[in-house]
Amino acid sequence: MLKKMGEAVARVARKVNETVESGSDTLELHLEGNFLHRLPSEVSALQHLKAIDLSRNQFQDFPEQLTTLPALETINLEENEIVDVPVEKLAAMPALRCINLRFNPLNAEVRVIAPPLIKFDMLMSPEGAGAPPP
């Protein structure tokens with residue numbers, strides 16, 4: 001498992017570095033299913049990023065670097081282990097349109113605070129829902 005995680009981290013680092021170094025206006029970054037629990041700091045340089053898929057990873061904390069990306073419209077964090085979300089920071093993101101947090105063990109506070117503050121789609125599983133079907 002450790003070897004698999006190391007390989008996944010190396011793949012992600014390469015992909016992020018290639019994106020940053022190419023200077024391209026990359027619109028999407030697909031990092032799903034890579035055993036990630038945090039993002040490399042280089043992600044903060046992706047100022048033109050519009051969509052990021054971090055589903056099926058191992059995030060326990062919301063990757064707050066994402067809240068600094070002004071063009072980000074879509075965040076997919078489905079099937080992680082996230083309990084708390086920086087709702088106020090997300091609400092201040094100018095371009096954010098949708099965040100998918102289904103199949104995360106979100107705390108009750110996020111479920112209560114988020115709806116009145118946000119102006120975008122926040123997808124959540126019903127409280128107490130189990131893991132998705134295989």
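Leaving aside neighbours within four places in sequence, which residues is L117 in contact with? Keep that one in mind while we get our bearings.

You're looking at a predicted model, where local features need pLDDT of at least 70, side-chain atom pairs count only at pLDDT 80 or more, and totals for chains, interfaces and linings use all residues. Residues are numbered from 1 along each chain as its sequence is written, and side-chain values use heavy atoms, with hydrogens and water left out.

**Stop 1: the whole chain.** Show the protein chain as a cartoon and you'll find 3 helices and 5 strands. Helices (H or I, at least four residues) and strands (E, at least two) are DSSP runs, numbered from the N terminus. Along the sequence they go α-β-β-β-α-β-α-β. Of the 134 residues, 40% count as buried; buried means under 20% relative accessible area, exposed over 50%, and partly exposed in between (1.4 Å probe, protein chains only).

**Stop 2: helix α3.** Select 108-117, which is α3. Its buried residues are V110, R111 and A114. Looking down the axis of α3, these buried residues fall within an arc of 95°, so they line one face of the helix. That arc is the one made by the directions from the helix axis to the C-beta atoms. Now colour E109, V112 and P116: they are exposed, on the other side of α3. What do the buried residues of α3 pack against? They pack against α2 and β5 (121-123).

**Stop 3: the start of α3.** Click on N107, which caps the N-terminal end of this helix: one of its side-chain oxygens lies 3.1 Å from the backbone nitrogen of E109.

**Stop 4: back to L117.** This residue sits in helix α3. Because its relative accessibility is 36%, L117 counts as partly exposed. Here's the answer to the opening question: L117 is in contact with V87, E88 and A91, where contact means heavy atoms within 4.5 Å.

**Stop 5: the core.** Select L54, L66, I75, V85, L90 and M122, which touch the most other members of the largest nonpolar core, a set of 30 residues. Such a core is made of buried Ala, Val, Leu, Ile, Met, Phe, Trp, Tyr and Cys residues joined through side-chain atoms within 4.5 Å. Helices α2 (87-91) and α3 each supply at least two residues of this core. Finish on I75: not counting residues up to four places away in sequence, its partners include F62, L66, L90 and C98.

Note on methods: Polar contact = N/O pair within 3.5 Å; in protein donor to acceptor, adjacent residues only side chain to side chain.
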